[in-house]
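Please read them with the structure open.

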Amino acid sequence: MKFLRQLLGNATQRVFALFFILSAAFVALALPAGLPLNWETAFSVLQNFSTLGPVALGLGLTMLVREFDISFAGMFGLGGCVAVLVGATSPALGIAAAVAVGLLGGAAQGVFMTRLRLSSVAVTLGGLLTFGGIAYVLTGNRNVPLGNLELAMSMNAPILEVFSIRSLVAWALFIVAAVVVGYTRTGRDMIATGSDVQASVLAGVRTEAIIIGVFGASGTLSALAGAMLSYSLSTASPAGLSDVSVPAVAAVILGGASLSGGTGRPLGIAAGVLVLCLLRTGLTTVGVPPYVHELVTGAILLAFAIGDGADLMRRLTDVERFRSFRLRAPGPRSS
Amino acid sequence: MEIARERGAGAAATGPRSEWIVRIGTGFPIRFAGLSILLVLAVITPGFTAAPSLLSLINTGSLIGCVAVGMTFITLSGNIMSFSLGATTGVAAIVCAALSGFGAVPALASAIAVAIVVSAAQGFIIGYFRANPIIVSIAALALIHGAAEFATGSKTIYAAENVLDFLKAKVGGIPLAGLVFLASVVVGQVIQSYTQFGQRVMMVGSNLRAAIAAGVQTWRTVTAVYALAGLFAGLAGILIAGRYGAGTMEYGEGYDYSAIAGVLVGGTAIAGGEGSVSRSFFGVVVIASVTVMLLLRGFETEYQYLFIGLIVLAAVLLQGRLRA
């Protein structure tokens, strides 16, 4: 019991526990039903992970410093378009260009919000629409084919049965982020900034630099995820090749991040993404229509939004008081 | 609003003099200059004043405009924006088209009712639990899309013949949509300026804690704000169903972004508590005029997207620049 409480007391471990329970449930459901259960299932989960993961990681880092980057969906699409347009001759150059655009675009937003003391939601709303607009103009409002099927094959080729280059890159990004957040001074400063800005400033944390850096990282991660997905599908679309906005937010919140800042570690977010990807693959394998997945994601997100609500506890205790008042109106509790 | 807070304690401490300068410096001259430039550009754009382009201006502007009136209340109440108003518009169009077989009145009434309920439910969650409005509206977006896909199987729902055609009528040469938009602006502005509810919205938006301390049942105000936003989004949905004689979720796509663009360009503060419905009216007119101008000057649709993005970014940065 004590072990269990210790295990579940940590947000990251809690999400991993959820992931294992979900995996077990999936296996238990799939085996008797004779559904396909092999390395390909795990591979498909990890392929989803490699698209959603970096985007969610970037968003999660901004939530760790108590901001919120809603431009990620725009940067995800723009990154893919830049990579395909530049990378026609040299794929490495395309990735580099996408990363540069992500870094500059993200950091610029960070500069705007720190210099002008603007809320991150406001600035990144402008960023979301602007990045999307740039992607439309660059591609001329068309899907752009890359026409490099060899590259697409190599991006998606299985490594060790379940991994691919894409998912290995995604995992590497998560590990780097986990090390930075968990074991470096920058990481501690990030958590401090998210927990209490004013105290951090007093303690000598360069909070503005932290915020600019985090938004630069968020832009980079989204653009890179978009670029890798575009390469693996050998095409780019200004509207984005995959609708990441809702699942990314859900994964981050599931992974233990909170809008009140200071919480949500990279590995927790990784687990949150895994849960969502497993859910998607699981529901598809079981054969339910796609809208069920959308409803489930929305319900999870809504539940967590309510759970994170500032007044939730007050409202719950209110109900309690109301009930006891009703039941024993003139009783001793009527203070 | 947890995430829309101002960074640093000094930000709010502007003296009366600087506030005066800010008011003179921001409001009138910038808006006047902007509108004058726009007017000149419009007049020198060949074909802008011709009937077809003015009609298209009214048609694009009105639909965005109705949603923008609703969005204005959400922004004013300190809840930034809703990502689900476009989806609400789409749902209203679907309901309207689906029920048009029972006659126009039941179809319109049900469409509006569904839009109000969908939006008010979010308002209740945001107001009662003080849940984050951005997350709640994103969750609602997923739920609405899922439910709509379940109900329609992702198919376009066509309206019964001729039932909704009266929505395309013109009164005195002006499309009905334009009149509905104008009426929405007037009603919205009256609600904002002359009702107790309007005052409470501004109170809740400018300082939630003070509003709670003053005894305002803030969750009721927030729920009503979202119900109102749902009502205006529902109106837009009905007009869309009338125009296309059909309803699908795709019709509502992007309306939330265009609407917030109109709200911000009009000069309503994204942090809440400052702004008005009539400002949003001008914001929508600006956006719709520029869209039509870009079309007339031969720019493709993609430049409209870029332009809307840049103008929203500029509006946000200008707000910060003037406050800092």
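1. Start with one helix pair inside chain A. Helix 4 of chain A and helix 6 of chain A are roughly parallel to each other. Their axes cross at roughly 25 degrees and come within 8 Å; an angle under 35 degrees counts as roughly parallel. Helix 4 of chain A, residues 72-86, passes helix 6 of chain A in a left-handed crossing. Keep in mind that this is a predicted model.

2. Which residues make that contact? Helix 4 of chain A brings A:Ala73, A:Gly74, A:Met75, A:Gly77, A:Leu78, A:Cys81 and A:Leu85. From helix 6 of chain A come A:Gly127, A:Leu128, A:Leu129, A:Phe131, A:Gly132, A:Ile134, A:Ala135, A:Leu138 and A:Thr139. By class, the contact of helix 4 with helix 6 of chain A has 11 nonpolar and five polar residues, and no charged ones.

3. A second pair in chain A is helix 2 and helix 13. Helix 2 of chain A covers residues 11-30. Its axis lies 8 Å from that of helix 13 of chain A, at an angle of about 15 degrees. Helix 2 and helix 13 of chain A are therefore roughly parallel to each other. The crossing of helix 2 of chain A with helix 13 of chain A is left-handed.

4. The residues of this second contact can be followed along both helices. On helix 2 of chain A they include A:Val15, A:Phe16, A:Phe19, A:Leu22 and A:Phe26. On helix 13 of chain A they include A:Leu267, A:Ala271, A:Leu274, A:Val275 and A:Leu278. Glycines take part too, among them A:Gly268, A:Gly272 and A:Gly282 of helix 13 of chain A. The contact of helix 2 with helix 13 of chain A divides into 15 nonpolar, six polar and no charged residues.

5. Now the domains. The assignment for chain A gives domain 1 (2-287) and domain 2 (289-335). The C-alpha centres of these two domains of chain A lie 31 Å apart. In the contact between them, 12 residues of domain 1 of chain A meet eight residues of domain 2 of chain A. Helix 12 and helix 13 (266-286) of chain A each supply at least two residues of the domain 1 side. Helix 12 of chain A has the largest share of that side, six residues. The domain 1 side that touches domain 2 of chain A has 10 nonpolar residues, one polar and one charged.

6. How many residues of chain A are in contact with chain B? There are 47 in chain A, facing 48 in chain B. On the chain A side, two or more residues each come from helix 6 (120-139), helix 10 (197-202), helix 12 (245-254), helix 14 (290-307) and helix 15 (312-327) of chain A. Helix 6 of chain A gives the most, with 14 residues. The side of chain A that touches chain B counts 26 nonpolar, 15 polar and six charged residues.

7. One helix pair spans the two chains. Helix 14 of chain A packs on helix 5 (residues 133-152) of chain B at about 155 degrees, with the axes 8 Å apart. That makes helix 14 of chain A roughly antiparallel to helix 5 of chain B. Helix 14 of chain A passes helix 5 of chain B in a left-handed crossing.

8. Look at the residues of this pair. Helix 14 of chain A contributes residues including A:Tyr291, A:Glu294, A:Leu295, A:Leu301, A:Leu302 and A:Ala305. Helix 5 of chain B answers with residues including B:Ile135, B:Val136, B:Ile138, B:Leu143, B:His145, B:Glu149 and B:Phe150. The contact of helix 14 of chain A with helix 5 of chain B has 14 nonpolar, four polar and two charged residues.

9. Chain A has 15 helices and two strands. Its radius of gyration is 22 Å, close to the 20 Å that the globule rule gives for 335 residues, so chain A is as compact as a globular protein of that length. The C-alpha atoms of chain A fill a box of roughly 80 × 60 × 40 Å along the principal axes.

10. Chain B has 13 helices and four strands. The radius of gyration of chain B is 20 Å, close to the 20 Å of the globule rule for 324 residues, so chain B is as compact as a globular protein of that length. Along the principal axes, the C-alpha atoms of chain B fill a box of roughly 60 × 50 × 35 Å.

Definitions and conventions:
Residues numbered from 1 in each chain as written. Chains lettered and ligands numbered in written order. Predicted model: local features only at pLDDT ≥ 70, side-chain atom pairs only at ≥ 80, totals over all residues. Contact = placed C-beta atoms within 7 Å. Nonpolar A, V, L, I, M, F, W, Y, C, P; charged D, E, K, R; others polar. Axes fitted to C-alpha atoms, helices over the stretch in contact; angles between N-to-C directions. Parallel < 35°, antiparallel > 145°, perpendicular 65-115°, else oblique. Left-handed = near helix turned anticlockwise from the far one by under 90°. Domains from an automatic or database assignment. Rg over C-alpha atoms; globule rule 2.2 N^0.38 Å.
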